[in-house]
Amino acid sequence: MSLELALANLMQPPILFFFLGVLAATLGSDLDLPQPIPKALSLYLLVAIGIKGGLELAGGEGGLHVVTTLAAAVGFAALSPIPAFLVLRRAIGAADAAAVAATYGSVSAVTFIAATSFLERLGVATSGTMVAAMALMESPAILVGVLLHRRFAGASRPIAGVASPAGEADPHQGSLLRDALLNGSVFVLLGSLVIGALAGPRGEAALAPFVRGLFPGVLCLFLLDMGLVSGRRLAGLRRLVGVPLAFGLGAPLVHAACGIALASVLGLPVGEAFLFTVLCASASYIAVPAALRVAIPEANPGLYVTMALAMTFPFNLLIGLPLYYAVVRALWGGAGGVP
């Protein structure tokens with residue numbers, strides 16, 4: 001990894017605001033962004049990234065290449081929880097293993113947004129395909145994680161929306177499939193993607209101040225809040241030893257290697273290969289906990305949320321982004337618009 005690239009990433013204002021949030025939480029400052037401000041910032045970022053992706057899709061080429069890329073993304077999200085679960089099951093139990101596997105099979109929208117900002121700073125072009133991939137990759141791992149839990153933990157409750165042996169669905173389980181597919185972040189992201197594609201080049205000038213002009217500042221505020229949240233989770237890292245600790249640091253690297261291999265097979269250009277790698281290497285700490293709180297209530301959020309939020313997210317944000325890009329750039333022959 002280029003030391004210059006890594007240092008440049010660390011010196012970017014959004015990353016520095018993340019550090020500021022971590023420092024504030026660590027020192028016990030009363031700095032806080034009260035709700036619903038963080039939710040509003042998150043909503044803006046998802047809408048902006050969706051519209052930008054839609055505009056790029058409208059101006060680019062579609063066809064079989066897009067379909068195969070999206071299929072590979074969904075396939076990775078659905079299959080990657082299986083080996084993770086098998087590795088973790090004996091060490092931490094079926095319920096926690098299923099939750100961790102779902103967490104690391106799903107994706108982090110915040111890490112993806114940071115990655116797109118990273119590419120914009122380097123002047124590397126991308127299409128909107130990876131935005132659609134991010135939206136589609138969020139839910140499959142949740143469903144697979146619940147199926148693995150039921151298969152190996154012998155849970156008595158049926159999967160939401162699936163009839164029990166008596167012919168009735170569990171009313172307390174809710175509709176897991178509906179919640180996964182209509183998850184708010186997925187819904188607004190896909191909707192914004194469609195709106196951007198429909199607006200096309202003629203709508204780009206009108207939307208530019210909203211999706212590009214405000215984006216850097218909002219990202220700084222959002223990462224400040226994420227730093228506060230991550231800093232408050234740092235105490236939980238002391239309880240993560242052995243297999244969870246090794247998995248939290250090793251899984252992003254293994255998944256990133258798989259993403260790079262898939263991107264090479266798919267023939268993705270440098271920018272999209274990097275974003276695909278970031279998606280594969282990230283871990284969800286928003287959509288998955290919301291779904292698993294009901295689907296696998298016996299799983300410990302203090303384990304899978306802390307692993308994703310206090311360990312994997314900072315690792316990807318600070319080290320992973322420049323590392324993955326350096327590897328992709330080297331393997332792709334040094335192309336990619338680096339100044």
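F187 lies in helix α11, which covers residues 184-213. The model shown here is predicted. Its chain has 16 helices and zero strands. Of the 339 residues of the chain, 53% count as buried. Among contacts between residues at least 6 apart in sequence, 87% join residues at least 24 apart.

**An exposed position: F187**

- F187 has 56% relative accessibility, so this residue counts as exposed.
- F187 and A135 are 52 residues apart along the chain. Their C-alpha atoms are separated by 8.1 Å.

**The nonpolar core**

- The largest nonpolar core has 109 residues.
- Within this core, V100, M226, F274, L292, F313 and Y325 touch the most other members.
- Helix α16 supplies the largest share of the core, with 16 residues.
- F313 is in contact with F18, S108, V110, T111, L223, M226, S230, Y285 and A308, leaving aside neighbours within four places in sequence.

**Helix α12 against helix α16**

- Helix α12 spans residues 215-233, and helix α16 spans residues 301-331.
- The two pack at an angle of about 125°, with their axes 9 Å apart.
- That angle makes α12 oblique to α16.
- The crossing of α12 and α16 is left-handed.
- From α12, the contact uses L223, M226, V229, S230 and R233. From α16, the contact uses P301, G302, V305, T306, L309, A310 and F313.
- By class, the contact of α12 with α16 has eight nonpolar, three polar and one charged residues.

**Helix α2 against helix α16**

- The angle between α2 and α16 is about 145°, and their axes are 11 Å apart.
- The crossing of α2 past α16 is left-handed.
- On the α2 side, the contact is made by I15, F18 and F19. These residues meet F313, P314, L317 and L318 in α16.
- The contact of α2 with α16 has seven nonpolar, no polar and no charged residues.
- F313 is one of the α16 residues in the contact with α2, and F313 also takes part in the contact with α12.

**Helix α5 against helix α13**

- Helix α5 covers residues 81-92, and helix α13 covers residues 243-266.
- They pack at an angle of about 160°, with axes 10 Å apart.
- That angle makes α5 roughly antiparallel to α13.
- α5 passes α13 in a left-handed crossing.
- A84, L88, A91 and I92 of α5 meet V243, P244 and F247 of α13.
- The contact of α5 with α13 divides into seven nonpolar, no polar and no charged residues.

- T129 lies in helix α8, residues 129-137. Its relative accessibility is 3%, so T129 counts as buried.
- Leaving aside neighbours within four places in sequence, T129 is in contact with L57, V66, T69, L70 and E272.
- C280 is found in helix α14, residues 270-281. At 1% relative accessibility, C280 counts as buried.
- C280 is in contact with F76, Y104, M137, H255 and G259, with neighbours within four places in sequence left aside.
- C280 and G259 are 21 residues apart in sequence. In space they are 5.6 Å apart, C-alpha to C-alpha.
- D96 is in helix α6, residues 94-105. With 16% relative accessibility, D96 counts as buried because buried means under 20%.
- D96 touches E298, A299, N300 and L303, not counting residues up to four places away in sequence.

**A cis peptide bond**

- Most peptide bonds are trans.
- The bond that joins Q35 and P36 is cis, with omega about 10°.
- P36 lies in the loop between α2, residues 13-26, and α3, residues 37-59.

Key. Residues numbered from 1 in each chain as written. Predicted model: local features only at pLDDT ≥ 70, side-chain atom pairs only at ≥ 80, totals over all residues. Heavy atoms only, no water. Axes fitted to C-alpha atoms, helices over the stretch in contact; angles between N-to-C directions. Helix = DSSP H or I, 4+ residues; strand = E, 2+ residues; numbered from the N terminus. Parallel < 35°, antiparallel > 145°, perpendicular 65-115°, else oblique. Left-handed = near helix turned anticlockwise from the far one by under 90°. Contact = heavy atoms within 4.5 Å. Nonpolar A, V, L, I, M, F, W, Y, C, P; charged D, E, K, R; others polar. Buried < 20%, exposed > 50% of the residue type's maximum accessible area, 1.4 Å probe, protein only. Core = buried A, V, L, I, M, F, W, Y, C linked by side-chain atoms within 4.5 Å.
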